[in-house]
Amino acid sequence: MSASRLRRVAVLVLEGAKPLDVGIPAQVFTTRASMPYEVRLCGAAPGLVTGGDGLSYHVADGLDALAWADIVFIPGYRFPDRDDPPQAVVDALIAAHDRGARLAAISTGAFALAATGLLDGRRATTHWHYTGALVARHPLVEVDENVLFVDEGSVLTSAGAASGIDLCLHILRGDLGVAASNHAARRLVAAPYRSGGQAQYVPRSVPEPLGERFADTREWALHRLDEPLTLEVLARQAAVSPRTFSRRFVAETGYTPMQWVMRARVDMARELLERSQRSVEQIATDVGLGTGANLRLHFHRILGTTPSDYRRTFAQGE
């Protein structure tokens with residue numbers, strides 16, 4: 001996708017909209033020289049929309065913005081399991097999707113997206129507190145409660161509010177590449193890529209030592225991707241046994257340590273392909289994969305494309 005084409009983003013503010021959910025896409029995709037996006041906040045009608053948590057929103061656009069947009073974000077809102085959005089909103093979302101727009105729900109915005117029927121037979125997620133309610137209200141949706149977001153192509157969903165950042169950065173990676181996504185993450189002071197799921201935040205009767213226990217180890221590894229990184233090396237840096245490290249790492253990130261390292265190496269290779277003219281062989285050495293053949297193998301397995309095709313897609317100056 002050419003980086004030079006302006007993309008139009010509509011943020012659909014429904015009654016009871018949660019402030020952080022509204023603010024995330026508005027800030028991530030804010031119009032600036034480095035970001036080829038234009039953002040409009042809209043509602044079921046122009047004017048004042050009563051939000052959640054004591055805030056209200058004045059939106060300049062109504063549902064006509066959905067006919068204009070390339071991407072429509074649906075922020076979460078209060079009491080999503082009580083009533084579906086107005087039929088005009090549902091119809092406008094379906095029409096936007098039929099026209100080719102991507103629909104992206106943040107947190108409980110998944111309920112509004114599910115009301116369109118577009119999630120039937122597809123994987124989706126929402127805030128962990130509401131996953132059961134989403135299953136009950138929309139049984140044809142394949143609800144996955146252990147992920148931060150789900151990308152089904154034209155429809156995307158994310159978990160609790162902060163995972164809206166993960167979803168937005170994921171969309172940026174697909175549109176503009178890793179370098180642009182990492183730049184936006186630095187601007188937001190956010191992690192460029194969180195691989196974990198939301199299961200670590202679900203209350204349990206017996207607390208488990210999950211969370212970000214190994215964040216320092218992951219940061220340490222990211223600066224040494226060109227070096228041998230075995231399970232034993234990582235566990236030693238974390239000061240635990242390899243068995244304990246492996247078990248807790250999977251619970252924290254959703255990946256085994258070696259799966260995470262491989263994805264980190266491929267992500268670093270993506271950025272080097274975008275931002276440098278180094279050969280595939282040189283990049284393979286830079287990211288610890290040894291040979292161009294090894295890089296091509298893992299690049300295709302994880303991303304479904306070749307390094308050369310990826311470089312052509314996200315070449316500098318596009």
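Predicted model: local features only at pLDDT ≥ 70, side-chain atom pairs only at ≥ 80, totals over all residues.
What percentage of the 318 residues of the protein count as buried? The answer is 47%, where buried means under 20% relative accessible area, exposed means over 50%, and partly exposed lies in between, computed with a 1.4 Å probe on protein chains only.

Residues are numbered from 1 along each chain as its sequence is written, and side-chain values use heavy atoms, with hydrogens and water left out.

The secondary structure of the protein comes to 14 helices and 10 strands; these are DSSP runs numbered from the N terminus, with helices being H or I of at least four residues and strands being E of at least two. Among contacts between residues at least 6 apart in sequence, 65% join residues at least 24 apart, and contact here means heavy atoms within 4.5 Å.

Let me turn to helix 7. Helix 7, residues 178–188, packs against helix 11, residues 257–275, at an angle of about 105°, and their axes are 8 Å apart. That makes helix 7 roughly perpendicular to helix 11, since angles of 65 to 115 degrees count as roughly perpendicular, under 35 as roughly parallel, over 145 as roughly antiparallel, and the rest as oblique. The axes are lines fitted to C-alpha atoms, for helices over the stretch in contact, and the angles run from 0 to 180 degrees between N-to-C directions.

Where the two helices meet, Val178, Ala179, Asn182 and Arg186 of helix 7 face Asp267, Arg270, Glu271, Glu274 and Arg275 of helix 11. Helix 7 is also largely enclosed by the rest of the structure, because eight of its 11 residues are buried, among them Ala180, Ser181 and Leu188. The cover over these buried residues includes helix 1 (19–28), helix 6 (163–176), helix 11 and helix 14 (307–313). Just after helix 7, Val189 takes a positive phi of about 55°.

Next come the aromatic rings. How many aromatic pairs does the structure hold? It holds seven, counting rings of Phe, Tyr and Trp (its six-membered ring) whose centres lie within 6.5 Å, with planes under 30 degrees apart called stacked, over 60 edge-to-face, and the rest tilted. The rings of Phe29 and Phe73 have centres 5.4 Å apart and planes at 35°, so this pair is tilted. Phe29 lies in the loop between helix 1 and strand 2 (37–42) and Phe73 in strand 5 (residues 71–74), so the pair ties together parts that are 44 residues apart in sequence. Both Phe29 and Phe73 are buried.

For Phe249 and Trp260, the ring centres are 6.0 Å apart and the planes stand at 75°, so that pair is edge-to-face. Phe249 belongs to helix 10 (residues 242–253) and Trp260 to helix 11, and both are buried. Together with Phe214 and Phe245, Phe249 and Trp260 form one aromatic cluster.

Two arginines also lie over ring faces: Arg40 over Trp68, at 4.0 Å from the ring centre, and Arg82 over Phe79, at 3.7 Å. A charge sits over a ring if NZ of Lys or CZ of Arg is within 6 Å of the ring centre and within 35 degrees of the ring normal.

Finally, His97 lies in helix 3 (residues 87–99) and is buried, with a relative accessible area of 17%.
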